Amino acid sequence: MPLAPKTVSALKAIVFVAALVPLARLAAGVFFYPDWLGANPAEYITRSTGDWTLRFLLITLAVTPLRRAFGWNSLASFRRMLGLYAFFYGLVHLSSFVSFDHVFEVAEIVKDIFKRPFITVGFTSLVLLVPLAVTSTDRMVRRLGAKRWLALHRLVYVIAPLGVLHFWWMVKADLTEPVVYAAILAGLLGYRVVAKLKESRRRAQRRGAGAAIPQARANG
């Protein structure tokens, strides 16, 4: 049963505020509770914002399976906001890397991007997120047309694996977290592959049934 528009608006407001909690916690750590950020605050902030970028990407990808599995069609209205939060935390993650690791030394930043593979794929995934964020408005959907807009936003199926790969290559010891993220991503993408195959099979069956009716009439 679809939710009332007012209920959806209220839930979106709650999600909007909740999505800012990780950033608020980091800000509180910087200004009031430095112990929250551990022995290396710069590294903690960079890692935390990267984690939340990946989490929001996976949450965004989870919207469609959850909507279809449980009939929660109202979830579709949250997808844009969740995707924009992935981009937002990605920008904060990049800003942390640029400011804390390289103190805005452009030459060193560029050198690192090309020299270190995990930074290369992470930077690539963020760059690919830019056109998705820019075209997230209703106006851009109308301007591009639904088909082209959907084709463009399928880039998320490239961006999310690059994000997981970035995390995987960055971790040097315990791979537990990257493996968990990779497994979740595999499940979300696998769901889409299975759903696509089932839909193709149904279409083939409908075409076959449609072709059989005229043939039966001709034989009759």
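Trainee: How much space lies in the second largest pocket, and what makes it a pocket and not a cavity?

Mentor: In this predicted model, the second largest pocket holds about 620 Å³ of space. The term pocket applies because the set of grid points is open, whereas in a cavity a 1.4 Å probe fits but cannot get out.

Trainee: Which residues lie nearest the centre of the second largest pocket?

Mentor: They are Thr 46, His 93, Phe 118, His 166 and Met 170, out of 30 lining residues. H3, H4, H6 and H9 each give two or more residues to that lining, and H3 has the largest share, with 9 residues.

Trainee: What makes a residue of the lining of the second largest pocket nonpolar, polar or charged?

Mentor: The class follows from the residue type: Phe and Met count as nonpolar, and Asp, Glu, Lys and Arg as charged, while the others are polar. On that basis the lining of the second largest pocket divides into 14 nonpolar, 10 polar and 6 charged residues.

Trainee: What volume does the largest pocket have, and which residues lie nearest its centre?

Mentor: The volume of the largest pocket is about 1,100 Å³. Its lining comprises 32 residues, and Thr 64, Arg 79, Leu 150, His 153 and Tyr 157 lie nearest the centre. Helices H3 (41-70), H4 (79-101), H6 (117-134), H8 (146-153), H9 (156-170) and H10 (176-219) each contribute two or more residues to the lining of the largest pocket. The largest share, 7 residues, comes from H4. By class, this lining has 16 nonpolar, 6 polar and 10 charged residues.

Trainee: Why is the pattern of the protein chain written as α-α-α-α-α-α-α-α-α-α?

Mentor: The secondary structure comes to 10 helices and 0 strands. A helix is a DSSP run of at least four residues, numbered from the N terminus, and the pattern is read along the sequence.

Trainee: How does the radius of gyration of the protein chain compare with that of a compact globule?

Mentor: A compact globule of 220 residues would have a value near 17 Å, but the protein chain has 22 Å. Along its principal axes, the C-alpha trace spans about 85 × 45 × 40 Å.

Trainee: What share of the residues count as buried, and what makes a residue buried?

Mentor: Of the 220 residues, 33% count as buried.

Notes:
Residues are numbered from 1 along each chain as its sequence is written. This is a predicted model: local features need pLDDT of at least 70, side-chain atom pairs count only at pLDDT 80 or more; totals for chains, interfaces and linings use all residues. Side-chain values use heavy atoms; hydrogens and water are left out. On a 1 Å grid over the protein atoms alone, a cavity is a set of points where a 1.4 Å probe fits but cannot get out, and a pocket is an open set with protein on both sides within 12 Å along at least five of seven lines; lining residues have an atom within 4 Å of a point. Grid points are joined across faces, edges and corners, and a volume is the space filled by probe spheres set on the points. The radius of gyration is taken over C-alpha atoms; the globule rule is 2.2 Å times the number of residues to the power 0.38. Buried means under 20% relative accessible area, exposed over 50%, partly exposed in between (1.4 Å probe, protein chains only).
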